[in-house]
Amino acid sequence: MKNKEKGYVSFIFHAHLPFVHHPDRDDYLEEQWLFEAISETYIPLITNFQKLIDEHVDFRFTMSLTPPLLNMLDNKLLQERYIDYLEKHIELATKEIERTKDNAQINKLAHYYFDRYSNDLHLFRDVYKCNIISAFKKFNDLGVLEIIGCGATHGYFPILYVNEKTVRAQIGIGVQTYYKYFDKPLKGFWLPECGYVPESEKYLKEFGIEYVLVETHGILYADPAPLYGTYAPIVSPEGVCFFGRDLESSRQVWSSINGYPGDFNYREFYRDIGYDAPYDYIKPYIASNGARVSTGIRYHRITGPTENKDIYNLQWAQDSVNMQAGHFFDCRCKQIEHLSHVTENPPIIVCPYDAELYGHWWYEGPDWLYTLAKKVYYDDCNFKLITPSEYLDKYPNMQMCTPCRSSWGAKGYSEVWLNNQNDYIYRHIHLAGDRMCEIASEFPNEPSNSLKRRVLNQCARELVLAQSSDWAFIITNNTMVDYAKRRTKEHIGRFTKLYEWIKNDNDLRDNDVLSDDKLKFLSHVEEYDPIFPEIDYTIYL
């Protein structure tokens, strides 16, 4: 390693999925969002981080693991269903080895998928004992991966802040969830959807957050204008530090037109045997209603029209990984060399991405990160990988500015989460937020073993689940719309029902007693939505 550091590069991965848990049925396709992410993103990242450690390569990455994701990874039912998912894929891959035996290229890939899913099962069940949170915790404890926090259910602050107590609760529950799973002090926080409003800062400070990430224009349009753009953090009058996304490095990775994931040698995401294989053959492995869906077994690379793709070649894909890691490395060296002459402190290039880009959408992404980390460590290089908190420790003096309201959604503000397709949900979400604060104030000191406290805590649970930004996002993008609408309706409906009990059930109010049918309903929704078992409704006081 020959580092003569003139600057730094900071990768931040945002790992998030909405809370999906359906104990009544095992055929919800939405649960596969989690299973696909574990196999295609989380296990590959863990595997490559471990390889770097085993090879004594010093590296630094930062990663948010959102509270809904942590709760799902810690859920016994979902762990069991993930094992079922893997066993079903191993069965399918075994059949594929036989079905494709007359095509050497595809048969090689069938063997590859069999080995890959078999290895996932071994790692998840035998090595990690169904607890991959512990793997991330190990890297966090070693200091090579900085885990940062996020809002309770990814509630979008620029809309929720009309009742600031609901923003405070999203932050407070998010911080509490972090400390349930991790020991190191929490310093950073991923604002859901990078949605920044100044009103959130006092609550970030209250819960000990030192820095957050914002979209590029959140920094560039700050008041006053930052001297060094996004290449140095700024600090607000409230004392919160802000890092902004670097556009150049982001486009090289993220762009669907010019980004690395579009390389012709990489695996094609949209060509899957769930759509290609004979229907009667593939039917046991697709949706329970018979609809063709992706299985994750894909044999083609990104070439030509969808119906005329070339066969995926593992070695060619690795060749592109090596070439593009070298290209990114060279570009950052040149960028750092230029910036080092115009910034007071060594510049920092901040590269935030959805974690699922690496592996799920860009299948080769985790290998690209591994290759890049080795190049940074071994090659002649003028920068180091760093976490935001390490940078702040090194260079604590910053320009004081107030970022502008912003998000990283399309057009940079709130249009994705507030438009004529989804705006109707907010009158209900805001009313529920106001009602939650009302009943928390009315009953501020309920005993820990009381039924009233159980009802109040479940009200808080249903409220934060309704506030998830994912439902509005899904409605806007026109994907799984019925599911997103139903989730919003169900959580608001359950909240409203429980609220009416608190307000109007005299037995509950006066004697802490519920009828049998109401007690049965309460137990049912607690089991159905078991997120945040430690939730405390007094966060809304």
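Is Cys401 buried or exposed? Here are some friendly notes on that and a few other points.

1. First, some ground rules: this is a predicted model, where local features need pLDDT of at least 70 and side-chain atom pairs count only at pLDDT 80 or more, while totals for chains, interfaces and linings use all residues. Residues are numbered from 1 along each chain as its sequence is written, and side-chain values use heavy atoms, leaving out hydrogens and water.

2. Cys401 counts as buried, because its relative accessibility is 1%. (Buried means under 20% relative accessible area, exposed over 50%, and partly exposed in between, using a 1.4 Å probe and protein chains only.)

3. A search of the whole structure finds zero disulfides, a disulfide being a pair of cysteine sulfur atoms within 2.5 Å. For Cys150, the nearest cysteine sulfur is that of Cys194, 9.2 Å away. Cys150 also counts as buried, at 1% relative accessibility. The closest cysteine sulfur to that of Cys401 is in Cys241, and 11 Å is too far for a bond.

4. Now look at helix 16 (residues 424-442) and helix 17 (residues 451-466), whose axes come within 10 Å and cross at roughly 155 degrees. Helices here are DSSP runs (H or I, at least four residues), numbered from the N terminus, and axes are lines fitted to C-alpha atoms over the stretch in contact, with angles from 0 to 180 degrees between N-to-C directions. The two helices are therefore roughly antiparallel, the word for angles over 145 degrees.

5. Which residues make the contact (heavy atoms within 4.5 Å) between helix 16 and helix 17? Among them are Ile429 and Met436 of helix 16 and Leu456 and Leu463 of helix 17.

Methods:
Parallel < 35°, antiparallel > 145°, perpendicular 65-115°, else oblique. Contact = heavy atoms within 4.5 Å.
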